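This briefing is meant for a reader who is meeting the structure for the first time.

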Amino acid sequence: MKRRAALGILPVMILVSTVSCTDFLDQQPQTALTQEQVFAKLENIDPLITGLYTNWRNARKDRGGFMFQLGGDESQQGAFQVRSEADQAGLDRYDGFLAPRNNALTQQWDLRWPIVSAAAKAILALQTNTEDEAKRNVLLGEASFIWSAVTFELTQYWGEIPIIDAGKLNEFGTSRKPLPQVYEYLIKNLQFAVDHLPETQTDKRRVTKYAAMALLGKVYLYAPQESNARDYQKAADMFDGVIKSGKYSLLPKFGDLFDPSKPNSTESLYEFQFTNTYPDNNQTQWQMGSRALASIDGNCAFGGYDLMVPTAYAYKDATNGGVWEAGDVRKTASIRYDFIYNGQPPKLLSGFGGDELDPHVKKFEDPRTQGTMSFWYSGKNIIYMRYADVLLCYAECLNELKRTPEAVGIVNNQVRTRAFGGTLPVTMKWNEGLSQDEFRTKMLDERMRELCFEGWRRMDLIRSGKFVSLIKARNRWAAESNTIQEFHKKYPIPLTEVLQNEDISDADQNQGYLP
Amino acid sequence: MKNQILQVLLLWLVATTAFAQTVTIKGRVTDKVTKAPVFGASVALKSDLSKATITNDTGEFTLTVSGPDAKVIIHSFGYQDVEVQVGNQTFLEVMLDEEAKGLDEIVVVGAVVRRESLTGSVATINAAKISQTPTNNINQALQGKVAGAYVVSNSQPGSDASIKIRGNNSIQFGTNPIFVVDGVIIDGGFNTLNPDDIASIDVLKDAASTAIYGSRGANGVVVVTTKKGRNGAGKVSYNAWFGVQSFSKKVDLMKGKDLFDLRVDAYANAFIEKNPQGNRQQYITDSLMGPNSLAFAQYELDAYRQGKSYDWLDAVTRKGFQQNHTMNFSGGTEKGSYFLSFNYTDQKGIVQSSGYKRLGGRVNLEQAIKPWLKVGTNTSFTNSKDDYVDGSVFSVAAVANPLLPVDTASYYLKYGDIENQDAYNPLRSLSITGDNISNRLLSANYINISPIKDLNIRSTVSFDMTNQQTFWYTPMTTGQDRRNSNHGKASQRKDVYNNLQWDNTISYNKSFGPHYLSILAGTSMQKNKYNYNQVDAFGFPNDDFGYKFLGGAYSKDKTSLSSDFITTTLLSFLGRADYSYNDKYFVTATLRYDGSSRFGANNKWGAFPSLALAYDMSKESFMSNLHPISRLKWRVGYGIAGNQNIPNYAFASLYRPNYTNNSVTYVSDGRLGNPNLHWERQKQLNLGVDLGLFDSRLTITADYFNINNDDLLMVKTLSTTTGFTNTVSNVGALNNKGIEFAINGALIRKQDFQWNVNLTISHDQNKVTALYGDTKAIYNKGGYTGVEIQRTGNLFLGESLNSVYSYKFDKIAQQSDMDRIKDMDFAGRTVHPGDIMPVDKDGNGVINDDDRYVVGKLNPKFYGGFGTDVTYKGFGLNMFFNYSYGLKRLSGLYEGLMSSSGVSAAHEDLKDRWTPEHTNTNVPRALYGIPRYSYGDTDLGLQNASFLRLSTLTISYTLPRKVASMLRLENTRFYVTGANMLRFTKDRGYDPETGDGYPNSKMLTAGLNLTF
């Protein structure tokens, strides 16, 4: 009897162990959302968009944030850096290391596409969403803006690039697309952002209508001729719209722009928000500061490791073959010349580049870290676009539209007046009778004085047509190597992209980089 | 066979009733294989176990028995019991089988099966072999002893050795086999198993034997069976050993003076490179050796002039010390058995303040409650405590500047004036406390019901629970703290692993005439849960409370919290049928059907069948004339094994919440979810033969295997234009084939003198036979920027998984080459006399990515081990070697040391560097700060890592019987073992097997085994 009872347990056991096996095997992640869940509702898309802001911001911090500024006419690598990292040195030397295999560039490329792609997916999801329409359109505007800001950067530096449209993945694939098509997309997306973004945002991480207008203005102004998208009038209209909004003005004191206690000022159209706390610090001073100071005190606010330093042209006075005019307050606000620390002059260390006590970039110094924490925690906001840039771009457009006197007026009365402390000496005034071409030349220098190290210089050089000549003349390493050529205006498509992207082959490589 | 114990019990009952006249018999007990006398074996009258005697040194005994009907039972530790009817014999010749071979049952997936019916390729190691290597780690005990198992020991205290069976069958996931301990499948933490508790280890190598484990069997299965008590008198045994440990080999680093000279040379060469007309000697005198040296700091010049060289590694290391104690109590009755064991192990690591302590206990019980009902448990508990040392202590000290005086003054170490903020002063780093406390309960509990004869229903519930706490405190006095401006950092972490397994089986075993049939069906459910949480707190008023007072942290904004919860499940249905005829023909068919939560909804299930046949030819009558051949068994097996060891939730693209900038954001983790992921399926063919010759004095087991894996799982890096950086997918096909031999020989089988030798040889080779689409290569990106194509880990169609992809080293450029290469494009690198020149593969005068190719592979041609075991009277000498031939290795350590220009640690081999006077060398010249091809760009640094290692040498002495019995001891053995005492290799890194992370160690151990 007992045995039979025991036998009776068997079916029960089998039953219990097989019941609801589909449930048993369905184990979903408990601390992450799947892509489907994220894009299914606005409540989740919102934090996704803030995530994109964070990723976009992070592309501008630390070492990577300065890769596009290396090899310029205003900034170059420190001597020790050039000696220690050949791929990175190639960005300044324009030698054989600036090749598809260049890892420093590959990293920048690889960092940006996931942002573009996630923005594209958000755009598609929002387009089909039916929740709260007002909120949806704002989010759509933000996603469109981020998509555009990053795509703009990629096409400026690499030329023809894939267009990521989540709704047309099968049609477009990931092949390189002609510039007119790339710019058509940029303009379309930015126009949407202009039309739907709010005029102000209390959350400073988020972009506004005017930031979109300014960026769209830049797209019209910076678009290469081959894109057929360059349009000075449309650009001027956008900049004019920002100016006419009355929401922005130049800060009276130039130095206040870089005072961490005065973030998100009336001059700021958008800045990347950072703090002194990891992971929201930006480590920029670690890259910009001087090693000679770092060796004295790891908590010296202008110490660092000399990744990028100003070129001689960018730190010298005009009388010495540099860019600076006497009386321009922007000079010492942008560049550190004085390295006396605690009353002691630092000394050069053996075994380094020898340029550690040459003038250094000052705009990223974060005095809040002084004495209490490492400059690794530097975390001042980094400016993306500010009103002075809008004014200068607007002036440029006017000049191109043959309204040079008006353009000179804007430069003199606003940007340069502030630069000279509120009163522009007569000798420093630009002549209203400048020719269009003279204006262009002077503007390139003015932009350097106003905006140096803020990240627009490489694009400015590319569109000016003086990329090769100015870099060769002003960049120490490019001059030494003497190998820079016109084709270097575009970076090489990374080797890993060519190998892994079935839509891009060796033959699609940018001209000049093929053996 | 399998009902032996029952039969014994039955016969005993019968025998007790029969009594007649008494007879005195003599006899001798020997080992069946070695023919060595077995001393200390108990010979007992079956009818009355209290009437017993013990064999002497020559294995002989004398016993008074009741008459011809009397039966005696001979029992000895490590052997299978034998029962003999006295009959008319006056001298009994008794031969004992070793226990592991005799253990005729083995528990698989919650059911007991006949070991004999494991028709596939199985290697068995018994307790005696395991105890040859004094170690806390069972993997280490297997090293070199199983053909086809490649064991790499880990030299860090308390860490697991890794084991790989039959080479590479998968790319990235689960090259380790699964471990099954008394039926419980465990993942990792093998070092919590006490080798002294283990009765046998069976390594299942082919699909025919692993198919019962289905989806998890693809990389082999290691079945561990722990000891059980046996029927008879209770027994106590005590094992202890003490060991002294030191690094077996450090790399030969340049001392102060040589490093100084190297730097002078490197700077001077760079000076001439830039100023071809410059005065080298004057530059050295003025700019390098002078007061304002460009190259040297004052302290370096001082050290050089005083002829000093400092050894930082010495300052942070010491002699390691280990001790291990195990005590067992075992015994049993006809109704049940018990085995209790307690273990204590204590290690002091070679790096100061590193250590490991473990306290463990085990209870194995089995009890028949009713004639048809049996319950049992195999339960062990382990408490271990690791004293961690910050990893930088060793890694920084190992490459510190020999010109820098050893003291705690600085936060960071330096070369010249270059304070390297990554090189934390190791003397300060020693003050970082790291404690890990881990508790593990591993318990398998079963109930076995036998409702009718030969039918067994068995249900097993198993737990494997690990609770682990990890604590760190980094004081303010360290470089780590200064660099991160933390003012003290305390971390607490809790990890909880909770694995449940429930197996239900029903089996029917029946012998009728020459036929034997066994049928098994069952289900298995597994649920593995894991969670962790971690708190990092920063900013403390002082270092006094260490990690213990998180409430005192004042940098609240830096506080970091993290946690995760992961659950995976596996559900299986299995069936197995064994049939044998006359113990001559064997057939085993297995089918397992597995569902796993790791795969997407449509691909959760997979079926894993196998079929194995064996034919024992020596049972044929025509073979009985062939005297030399005592055994000849042919085996063939074919089956499909699976692998589900992929990252969790790889079927979905995940967005993780992330707190940053005052709000939560959702950020993709970079992985593209792949809902089409499915099982990796390995089709395995195995052909084998077991051959015994000359009365089994020579036994040979040979196996050939051919494994085709058609759905290789791997993390594939993606073009980031897809929006993701990687995905897990079934990317291609891999073929892996090889042969294995295990040979044992008994060279001498004399009464007092035995000499046994054994040898394993394994060979395997793999080839990628298909990749997805038209793809010819899949690249492995990594390195400092994360985007560099690595030299290893790439997949190339038609090449081995272990290929090396780089430029090929051509030669060191000489003056005579300059004319020929002056127009070559070296992509910005300098190639002047003394520099590395790669091969221009396509001969187009440009060295670019087209010149990188597969320059070699790392796989050994063959590997294994061999040993010799000599016993003369009570003395034993055992040596065990393991070896690998044709093994290649990339040594990042060596390449780094060889790329030094005197401003980082340098290898002694740089003394052989190229100079205009010494041109016949493959070591490039010294050069500072000018880009050129380095060791890492070419295969110049590829190490010939073939090695021969004396992995253990043991000298032992067993107390003579007379002395032992006077002390009332059954078995007493003393031994001294040297582990890893000798090694022959051309490899220039730390160790060809354990790699470059940490040097390997050697250990001298003295130990004692006592049984009474």
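For a chain of 515 residues, a compact globule would have a radius of gyration near 24 Å, and chain A, with 26 Å, agrees with that expectation. The model is a predicted one, and the points below are grouped by topic.

**Overall form of chain A**
- The C-alpha trace of chain A spans about 115 × 55 × 50 Å along its principal axes.
- Chain A contains 23 helices and 7 strands, and buried residues account for 54% of its 515 residues.
- Of the contacts in chain A between residues at least 6 apart in sequence, 67% join residues that are at least 24 apart.

**Nonpolar cores**
- The largest nonpolar core comprises 236 residues, and those with the most contacts inside it are Ala119(A), Ile146(A), Ala212(A), Ala214(A) and Phe239(A).
- Apart from that core lies another, of 58 residues, which includes Val151(B), Ala444(B), Phe573(B) and Ala945(B).
- When neighbours within four places in sequence are left aside, Ala119(A) is in contact with Leu52(A), Ala143(A), Ile146(A) and Trp147(A).

**Where chain A touches chain B**
- In this interface, 74 residues of chain A are in contact with 80 residues of chain B.
- Elements of chain A that give two or more residues to this side include helix 1 (2–18), helix 4 (42–58), helix 7 (103–128) and helix 23 (495–500).
- By class, the side of chain A that touches chain B has 33 nonpolar, 31 polar and 10 charged residues.
- Strand 1 of chain A runs antiparallel to strand 32 (residues 654–660) of chain B, and 2 bridges join them; Leu33(A) stands opposite Tyr655(B) in strand 32 of chain B.

Methods: Residues are numbered from 1 along each chain as its sequence is written. Chains are lettered from A and ligands numbered from 1 in the order in which they are written. This is a predicted model: local features need pLDDT of at least 70, side-chain atom pairs count only at pLDDT 80 or more; totals for chains, interfaces and linings use all residues. Helices (H or I, at least four residues) and strands (E, at least two) are DSSP runs, numbered from the N terminus. The radius of gyration is taken over C-alpha atoms; the globule rule is 2.2 Å times the number of residues to the power 0.38. A residue is buried if 20 or more other C-beta atoms lie within 10 Å of its own, exposed if 12 or fewer, and partly exposed in between; C-beta atoms are placed from the backbone. Two residues are in contact if their C-beta atoms, placed from the backbone, lie within 7 Å. A nonpolar core is a set of buried Ala, Val, Leu, Ile, Met, Phe, Trp, Tyr and Cys residues joined through C-beta atoms within 7 Å. Ala, Val, Leu, Ile, Met, Phe, Trp, Tyr, Cys and Pro count as nonpolar, Asp, Glu, Lys and Arg as charged, and the others, Gly among them, as polar. Two strands pair if DSSP finds at least two bridges between them.
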